[in-house]
Each structure stands twice: as C-alpha cells, then as structure tokens.
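Dear colleague,

Please find the structure below, followed by a summary of what was found in it. I would be grateful if you could read the two side by side.

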Amino acid sequence: SKNFDEQAKRIEDLHSERLNSREDEFRKKVDELEQQCKSFLEDLDSSQEQCRKLAGTKIDLLGELAQVRTDSNQILSETMANYESVLAQNSQEISSLSHQLEELEKEHRRCEHESEASLQEKN
C-alpha cells in the first residue's frame, strides 16, 4: 500500500509538473500574442497618423492646384485681351495703309494721265 501510495504520489507529481509546464507554455504564448497585438495597434496608430498627414497634404495640393488654375485662367484671359487689342490695332493700321495706297494709286493714275495729255499736246 505504501508502494502504491508512493507511486500514486509520483504520478500525481509528474502530472502536476506537466500541467505547470503546459500552463507556462500557454502563458508565454499569451504574452507573445499580447505583444503582437500591441505591435499591431502601434502599427495601426502609425498608419492612421500617416493617413491623416497624407489627407492634409492632399488638401493642400488641391488648394494649390485650384490656385494654379485660377492663375492660368487669369493669364489666358489677359493674353487674349492683349492679342485682341493688338489685332484691332493692326487691323486699323492695315486699313489706314490700304487707304493711303488707294490714294497713292489714284495720284499715280492722275499723274500718268496728265503726263500722257502733256505728251499729246506737244505732239
């Protein structure tokens, strides 16, 4: 009976040791998983912060793009106004030169006509 009790005690001790060992393993795994969770949460926080920064940058860039578009439209508008003004001025100058040319051609024809008449009178 004493032998049996000793054997039963050894088996119980061995079983208890195994349970303690498995409990330690589980505790280590739980610790590792908790560390992983902390690490994932830190990564998530970092990613969210990065997303907030990128969203801010995007808003800034969209603002700059809108300003560039406004500036471009203003420059285009001013350029077109200048072009139209120069075109109108050139058109006036062409019209004036064309009128002067017509007057010179009339004068030339009158001179030729007078010259012919003068030649005929001499003959």
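**Findings**

Leu-76 lies in helix α1, which covers residues 2–122; helices are DSSP runs of H or I of at least four residues, strands are runs of E of at least two, and both are numbered from the N terminus. This is a predicted model, in which local features need pLDDT of at least 70 and side-chain atom pairs count only at pLDDT 80 or more, while totals for chains, interfaces and linings use all residues. Residues are numbered from 1 along each chain as its sequence is written, and side-chain values use heavy atoms, with hydrogens and water left out.

**Overall form**

The protein has 1 helix and 0 strands. Its radius of gyration is 52 Å, well over the 14 Å that the globule rule gives for 123 residues, so the protein is more spread out than a compact globule. That radius is taken over C-alpha atoms, and the rule is 2.2 Å times the number of residues to the power 0.38. Along the principal axes, the C-alpha atoms fill a box of roughly 175 × 25 × 10 Å.

**Surface**

Of the 123 residues, 0% count as buried (buried is under 20% relative accessible area, exposed over 50%, partly exposed in between; 1.4 Å probe, protein chains only). The protein exposes about 11,900 Å², of which carbon and sulfur atoms supply 54%; accessible areas come from the Shrake-Rupley method with a 1.4 Å probe, and for residues only the protein chains shown count as cover.

Leu-76 counts as exposed because its relative accessibility is 51%. Together with Met-80, Tyr-83 and Leu-87, Leu-76 makes a nonpolar surface patch of about 420 Å². Patches are made of residues with over 30% relative accessible area and no salt bridge, nonpolar side chains (Val, Leu, Ile, Met, Phe, Trp, Tyr) being joined within 5 Å and like charges within 9 Å.

**Salt bridges**

The count comes to 7 salt bridges, each a side-chain nitrogen of Lys or Arg within 4 Å of a carboxyl oxygen of Asp or Glu. Among them are the following:

- Asp-13 and Lys-9 meet at 3.2 Å, N to O; they are 4 residues apart in helix α1, or about one helical turn.
- Arg-27 pairs with Asp-24 at 3.4 Å between the closest N and O atoms, and Glu-23, Asp-24 and Arg-27 are linked in a network of salt bridges.
- Glu-114 pairs with Arg-110, the closest N and O atoms being 2.5 Å apart; Glu-114 is partly exposed at 43% relative accessibility, and Arg-110 is partly exposed at 39%.

Yours sincerely
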